[in-house]
Amino acid sequence: MSLKQIGEWLEIVIPSKWTPNTVFHFLSKELGVSKALIQKWNNESAIKKNDSKADLNHRLNLGDRLYLHIFKNEDFGVIPEYRPIDVLYEDDHLLIVNKDAGIDTHPNVPGQKGTLANHIASYYQMNGLQIKIRHIHRLDKDTSGAIIFAKHDLANSLMDQALKLRKIKRTYIAFVEGKLPHLKGEINQPIGRDRHHATRRRVSPNGQTALTHYQVEQYLPAINLSIVSLQLDTGRTHQIRVHLSSIGFPIIGDVLYGGKQGIISRQALHAAKVSLLHPITGEEINVEAGLPKDMLPLVKKA
């Protein structure tokens, strides 16, 4: 399959293996686009076959050119606000940035400023892009590290699917109190809301399924801390924080879940790496976000 950007359109040249499927079948089954997005494109005349608007039920022939109107100007959806951002990866389809601790991923109320989304809108604006800010996943306000953004609705749809199918691998680094009894393991405990606290979550038999894999990377005996890498099979709110606290090894600085104060001014949790197959090109992408400044002194105390 040949893909090429032509102005505001993505051109797809159809190979023989995808004939004689219908346009709808190709988009939904072969490309993986959500039915809702296909319908939206159809309503907006954003799908063309060769030189005319495509009929979703028409069959594709070898060499047909399908065009998707995905590189168009859009409202940012947030108020642009300048602040330097740490870009880890960027192309015409994706943006991966290293979020600082202490800022929200996106506004929680209309008109909110000071979030990563506001800063990305400013970054786009300065680079001549007028596109909607689309985060694929989120990080807690006080968690730092890599976050993926999609630059158009096709990439957004495909990345959403990849996330649901656990095809996006996210690796976190946490500094926890004490020495874990096992070098690796998993925490498979459902997570639900804490009825006694508005924002806190807890392990609950009636909660949502949650599975966290962990591996101890290093134990720091001088300060009785363990450096732990973690990967998620699910993406529940505060999942890593709740799970580590539930087994008696809370993240330092995580006051909400019993972490020790005074060593670091926030929970010592960092999204260190993301690995994925590019939604458009299919290439393997591995992006790492180095440890932030407030965590480096902990490693040096080893």
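Helices (H or I, at least four residues) and strands (E, at least two) are DSSP runs, numbered from the N terminus. The model is predicted: local features need pLDDT of at least 70, side-chain atom pairs count only at pLDDT 80 or more, and totals for chains, interfaces and linings use all residues. Residues are numbered from 1 along each chain as its sequence is written, and side-chain values use heavy atoms, with hydrogens and water left out.

An open sheet of five strands has the order 1-2-5-3-4. Its pairing is antiparallel. Two strands count as paired if DSSP finds at least two bridges between them. Strand 1 (2–6) and strand 4 are the edge strands, and each pairs on one side only. Strand 1 and strand 2 run antiparallel and are joined by five bridges. Ser2 stands opposite Val13 of strand 2.

Helix 1 lies across strand 2, strand 3 and strand 5. It runs at about 65° to strand 5. Axes here are lines fitted to C-alpha atoms, for helices over the stretch in contact, and angles run from 0 to 180 degrees between N-to-C directions. Contact means heavy atoms within 4.5 Å. The loop between strand 2 (9–13) and helix 1 (23–30) holds Pro20. The peptide bond from Thr19 to Pro20 is cis, with omega near -5°.

Helix 2 has a buried side and an exposed side. Residues are buried under 20% relative accessible area, exposed over 50%, and partly exposed in between (1.4 Å probe, protein chains only). Leu37, Ile38, Trp41 and Asn42 of helix 2 are buried. Seen down the helix 2 axis, the buried residues fall within an arc of 140°, so they line one face of the helix. The arc is that of the directions from the helix axis to the C-beta atoms. Lys35, Ala36 and Asn43 are exposed on the other side. The buried residues of helix 2 pack against helix 1, strand 3, strand 4 (52–53), strand 5 (65–69) and helix 4.

Phi of Ser45 is positive, about 55°, although the residue is not a glycine. Ser45 is partly exposed, with a relative accessible area of 36%. Arg166 lies in the loop between helix 4 (153–164) and strand 10 (169–177). Phi of Arg166 is near 60°, again positive in a residue other than glycine. Arg166 is exposed, at a relative accessible area of 53%.

A pair of aromatic rings is described by the distance of the centres and the angle of the planes. Rings of Phe, Tyr and Trp (its six-membered ring) pair if their centres lie within 6.5 Å; planes under 30 degrees apart count as stacked, over 60 as edge-to-face and the rest as tilted. The structure holds two aromatic pairs. The ring centres of Trp18 and Phe26 are 5.4 Å apart and the planes are at 65°, so this pair is edge-to-face. Both Trp18 and Phe26 are buried. The rings of Tyr123 and Tyr124 have centres 6.3 Å apart and planes at 45°, so that pair is tilted. Tyr124 is buried, with a relative accessible area of 1%.

Charges also sit over rings, where NZ of Lys or CZ of Arg is within 6 Å of the ring centre and within 35 degrees of the ring normal. The charged end of Lys17 sits over the ring of Trp18, 4.7 Å from its centre. Lys48 lies over the face of Trp9, at 4.5 Å from the ring centre.
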